[in-house]
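Open the model in your viewer and keep the selection tool at hand. We will go from one residue to the next, then step back to the whole chain.

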Amino acid sequence: MTTPKVKGLLERLNDGETVLVAEGYLFLFERLGYLQAGPLVPVVVLEQPELVKNAYRDFVHSGSDVVLAFTYYATREKTRLVDVEDHTEKMNKDALRMAREVADETGTLMAGNICNTNIYQPGHSERHAEIKEMFKEMIEWAVEAGADFIVGETFAYFGEAMLAVEAIKEYGKGLPSVITMAPYVVSTKNGQSITADYVPLPEACQRLHDAGADVVGLNCGRGPPTIMPLMEQIREVYKGQLAVLPLPIRTTQSEPNLYMAKDPTTGKLVFPCDMEVLSCSRDDIKHFGKQCQKLGIQYVGLCCGNRPHYTRALAESLGRTPPACRFSPDMTKHFVYGSDDKVKKDVAGDSMKLYHTLGEVE
C-alpha cells in the first residue's frame, strides 16, 4: 500500500501556513526517569523504544505537524560519554525509523535532527573535520530513513551552525533545512544580541540563509519573555522564513537564559532539574503563539520542558483543534467552579466560600 504524499515543509510555508513542531524529548524522558541529567544521552531509544514511539504519537495527537526524530545528542561525542558509542548507529536509525512510521501513520512530516556537538570552539579548525563527520553520518542516516527535512538545532556558535548548513547541503540529497541557534549569550554588541562567537543574531540568520538554510531562527536557551525580543530584532533585518522554539519557562530580563534562572524561593539555579518552578502557564504559551503570528513567524514550537499539553495550547492559539482538544479544560463541569446544570449548586457555593476564605471560622 502506497502512503499518500504529504504536503512538504516548504510548500506549507510558501502557502502561508504555520508549521508547529514539538521538540523537548530529552527533558521529557529525563523527567520520566529514562535518561540521565548531565550527559543527557537518549539511551531510552535503545532501552525503551516503545516509549519513544508513543511520545511521538502524543505530540502529534496534541497538534505537532512534524515528528522530529529523537536523535538530539545521539552524536558519537555524546554516546562515548556513557559507553554506548558502539550503538550510535542503531540509536539513530531506530529513532528515525520510528519517527517515519509515526509520521506515515498520522499524515505528518518527519524530520531528521543534528545538533550542537559540544566540541566546537572558535580557533580550533582542526575539530571541524570531526564535527562534519558526525553531521555527515547522522544526515545520511536521516536521508536513508526517508526524512522530509533536516533540523540543525541549538547552536550557540554561528561557526558550528554554518558547518551544519554545509553538511546538509553536501549530504542531505537536496532536503530542506531548518537551522536554529541557542541564544544563551546575554552580552550584546552594538546593542544587538550575539552568538557565542560574537556574530549579531540578525546577521547570523541572514548569513545562514545565504549559505543555503531554508528556515533560520532560535531555539532553546530562553523562554518566550526573553526570546521574543530577540526575534523582533531579527525580523527587523531578516525577511525570510523564521523559526522560534523557546523553553516553556518564565525567564526574565535579569535572568534571561536557563543557565542564569533561579528558583524564586531558594535562590538556587534551576537548571537542569528544577526548571519546573518557572514553568509557563498554558496562557503564556497561547500568548507566545499570538506573538509569533504577529511577527509572521511560521515555524513554531517548544523545546526543553515541552509537554503535550503545551503543544495543544500552542495549536489552539493558532486556531487549530487537534484530537487532544477533545479534552481541553471545561470548567463549567467542575464541582467548585462549574455552571453546568448538572453541577450541585449548593456544593459549589459552599466549596467556593470555604476554599477561598482566609482567617478564623466560628
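Select Y259. In this predicted model, Y259 is partly exposed, with a relative accessible area of 42%. Y259 and F271 form an aromatic pair.

Next, select F149 and Y299. Are they buried or exposed? Both F149 and Y299 are buried. The ring centres of F149 and Y299 are 6.3 Å apart, with planes at 80°, so this pair is edge-to-face. Now show the strands. F149 belongs to strand β4 (residues 149-155) and Y299 to strand β10 (residues 299-302), so the pair ties together parts 150 residues apart in sequence.

Then select Y25, F29, Y56, F59 and F70. These residues form one aromatic cluster. The protein has 11 aromatic pairs in total.

Zoom out and switch to cartoon view. You will find 13 helices and 10 strands. The radius of gyration is 21 Å, close to the 21 Å that the globule rule gives for 362 residues, so the protein is as compact as a globular protein of that length. Buried residues make up 53% of the 362.

Finally, colour by charge. There are 39 positive and 49 negative side chains. The centres of the two sets lie 4 Å apart.

Definitions and conventions. Residues numbered from 1 in each chain as written. Predicted model: local features only at pLDDT ≥ 70, side-chain atom pairs only at ≥ 80, totals over all residues. Heavy atoms only, no water. Helix = DSSP H or I, 4+ residues; strand = E, 2+ residues; numbered from the N terminus. Rg over C-alpha atoms; globule rule 2.2 N^0.38 Å. Buried < 20%, exposed > 50% of the residue type's maximum accessible area, 1.4 Å probe, protein only. Lys, Arg positive; Asp, Glu negative; His and termini not counted. Charge placed at Lys NZ, Arg CZ, Asp CG, Glu CD. Phe/Tyr/Trp six-rings, centres within 6.5 Å; stacked < 30°, edge-to-face > 60°.
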